[in-house]
Amino acid sequence: MQKAVLGAAVEMAGEQPSVIFESFVAGNRDNFVRWAYSRTGSMDDAREAANEAFLKIYLRWEDVLASENADAFARKILKDVVADILRKRDRRPYSLIGLAFDPSASPIERAPAEEIDQVTLRVQVYKAIETLPRQQRACVTEYYLLDTPVDQIARRMGIKDSTVRSHLAAAKAALAEVFGVPSEPSDEKGING
């Protein structure tokens, strides 16, 4: 798949991609696909979005490299591509609620009560995440659902590591309040913003 993206980009641009670009694609492909999947709910759409984003990034590679934050620049291109795909298909961004269901799960009438309770709890958690402020929601999605390290989240969002930790702590406290569980005090101090 990566070779197909690079092949299309090379054909359009008429030149060979740099080793830096190739390593950028290899290092970001999985994260791009996972993030796009979290917004579209379709693996086909997610792969299409990632491929199109990498093509656009390749065509603007000099701008990406010259930018203050190449990760944030590239992520913005991906967000725009996903928005275009959703607009073309006349759909709203996919809610994380749909990610709670495993397509291979047994029919609900045959599922044990504990499995049904877990699905119900997951739906409640995803609904609660959707109510968080935009930056907190983005940090929670990246950190807890996509397993992205704090430093990568900060780089992509163009904020400090401490700000990401602050968003995560605030989101954790808000979610604890929603679910009526005591919030653990955080040892990490950060900047609100």
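This is a predicted model: local features need pLDDT of at least 70, side-chain atom pairs count only at pLDDT 80 or more; totals for chains, interfaces and linings use all residues.

Reader: How many residues are in helix 7, and what span should they give?

Author: Helix 7 runs over residues 134–145, so its 12 residues should span 16 Å at 1.5 Å a residue. The end C-alpha atoms are 15 Å apart, which agrees.

Reader: Which residues of helix 7 are buried?

Author: Those are Q136, C139, V140, T141 and E142. After the helix comes D147, with a positive phi near 55°.

Reader: And which ones are buried in helix 8?

Author: In helix 8, residues 150–157, the buried ones are V150, I153, A154 and R156. They sit on the same side of helix 8, because the arc they cover around the axis is only 165°.

Reader: What does that buried set pack against?

Author: Helix 2 (19–40), helix 5 (70–88), helix 7 and helix 9. Helix 8 is then followed by G158, which also has a positive phi, near 75°.

Reader: What about T148, buried or exposed?

Author: Buried, because its relative accessibility is 3%, and the cut-off for buried is under 20%. T148 lies in the loop between helix 7 and helix 8. Leaving aside residues up to four places away in sequence, it touches N31, E142, Y143, I153 and R156.

Reader: OK, charges now. How many salt bridges does a search of the whole structure find?

Author: Seven. One of them joins the side chains of E142 and R156, at 3.0 Å from N to O. E142 lies in helix 7 and R156 in helix 8, so the pair ties together parts that are 14 residues apart in sequence. Salt bridges with shared partners also bring R75 into one network with E142 and R156.

Reader: Are E142 and R156 buried or exposed?

Author: Both E142 and R156 are buried. For K76 and D80, the closest N and O atoms of the salt bridge are 2.7 Å apart. K76 is partly exposed at 48% relative accessible area, and D80 is partly exposed at 34%. They are four residues apart in helix 5, so about one helical turn separates them.

Reader: Switching topic: which residues form the nonpolar patch on the surface?

Author: L121, V178, F179 and V181, with about 340 Å² of accessible area together. V178 is in helix 9, residues 161–179, and counts as exposed at 54% relative accessibility.

Methods:
Residues are numbered from 1 along each chain as its sequence is written. Side-chain values use heavy atoms; hydrogens and water are left out. Patches are made of residues with over 30% relative accessible area and no salt bridge: like charges are joined within 9 Å, nonpolar side chains (Val, Leu, Ile, Met, Phe, Trp, Tyr) within 5 Å. Accessible areas come from the Shrake-Rupley method with a 1.4 Å probe; for residues, only the protein chains shown count as cover. A salt bridge is a side-chain nitrogen of Lys or Arg within 4 Å of a carboxyl oxygen of Asp or Glu. Helices (H or I, at least four residues) and strands (E, at least two) are DSSP runs, numbered from the N terminus. Buried means under 20% relative accessible area, exposed over 50%, partly exposed in between (1.4 Å probe, protein chains only). The expected span of a helix is 1.5 Å times one less than its number of residues. The arc is that of the directions from the helix axis to the C-beta atoms. Contact means heavy atoms within 4.5 Å.
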